[in-house]
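Hi there,

Here is the structure I promised to pass on to you. Have a look at it first, and then read on for what turned up in it.

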Amino acid sequence: MSSSATRYTYDDLASFPDDKRYELIDGEAYVAAAPGTRHQDIVLRLARRVADHIDRAGGGRLFIAPYDVVLSPTDVVEPDLLFVADAGTGRITAANLQGPPTLAIEVLSDPRHDRVRKRRLYAAYGVPEYWVVDPDADRVEVYRLTGDHTGDHTGDHYPHPTILEPGETLTTALLPGLAVDLTRLLA
């Protein structure tokens, strides 16, 4: 991802050309490269699995990038997938999500951006759970906030992640009954 030195806002972002995916972190613009084939395969498999679960069990809504998550006027991201639990669906607008999702999922493209910048941002805004799917390492890193996190951008951080690999099953209390076979996901 490349970045600029100018501090941008969501209003500026709306005027950018729509030929690329842009994100803002602390007003700095980042341009995401087009995802590769394996990245897209994983996003599709995971989206189908989660969407099927939500269709059966309910609980909220699932979105796939590109879809803006407006955490603040200067913090706007597009996770590959995001889940908003029923309690947060009032923050969904016709154009975007206003505030943090319940679950953000990134299929690793740029390790520094996904594991450092976005992880810090999601924790600071109180995203309860963040998954980083690493296709090169064939694993999923699950970051979960613990304790009382208000999402007030005060520097909260995730403890060490739970690492899951093929042969294991990914579950979350956020979507009771969801079970993702990592062997199939990372195939």
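**What was found**

Of the 187 residues in the protein chain, 48% count as buried, where buried means under 20% relative accessible area, exposed means over 50%, and partly exposed is in between (1.4 Å probe, protein chains only). Please keep in mind that this is a predicted model, in which local features need pLDDT of at least 70, side-chain atom pairs count only at pLDDT 80 or more, and totals for chains, interfaces and linings use all residues. Residues are numbered from 1 along each chain as its sequence is written, and side-chain values use heavy atoms, with hydrogens and water left out.

**The overall picture**

The protein chain has four helices and 14 strands; these are DSSP runs numbered from the N terminus, with helices being H or I of at least four residues and strands being E of at least two. Its radius of gyration is 16 Å, which agrees with the value near 16 Å for a compact globule of 187 residues. That radius is taken over C-alpha atoms, and the globule rule is 2.2 Å times the number of residues to the power 0.38. Along the principal axes, the C-alpha atoms fill a box of roughly 45 × 35 × 30 Å.

Contact means heavy atoms within 4.5 Å. Among contacts with a separation of 6 or more, 57% are between residues 24 or more positions apart.

**Two cores**

A nonpolar core is a set of buried Ala, Val, Leu, Ile, Met, Phe, Trp, Tyr and Cys residues joined through side-chain atoms within 4.5 Å. The largest one has 24 residues, and those touching the most other members are Leu46, Trp131, Val133, Val140, Leu170 and Leu182. Several elements supply at least two residues each, including α2 (37–57), β10 (129–134) and β11 (139–144). Which element gives the most to this core? That is α2, with six residues. Leaving out residues up to four places away in sequence, Leu46 touches Leu81, Ile105, Trp131, Val133, Val180 and Leu185. There is also a second, separate core of 23 residues, which includes Ile25, Val69, Val77 and Leu108.

**Loops to look at**

Is Thr74 buried or exposed? Thr74 sits in the loop between β5 (68–72) and β6 (75–77), and it counts as buried because its relative accessible area is 13%. Not counting residues up to four places away in sequence, the partners that Thr74 touches are Arg7, Tyr8, Thr9, Leu24, Ile25, Asp26 and Gly27.

Asp136, in the loop between β10 and β11, is exposed, with a relative accessible area of 77%. The C-alpha atoms of Asp136 and Asp52 are 26 Å apart, and the two residues are separated by 84 residues along the chain.

**Backbone details**

Most residues other than glycine have a negative phi, and most peptide bonds are trans.

- Ala65 and Pro66 are joined by a cis peptide bond, with omega about 5 degrees; Pro66 is in the loop between β4 (60–64) and β5.
- Asp26 has a positive phi, near 55 degrees. Asp26 is in the loop between β2 (21–25) and β3 (28–32) and counts as exposed, at 51% relative accessibility.
- Asp138 has a positive phi too, near 50 degrees. Asp138 lies in the loop between β10 and β11 and is partly exposed, at 30% relative accessibility.

Enjoy exploring!

Best wishes
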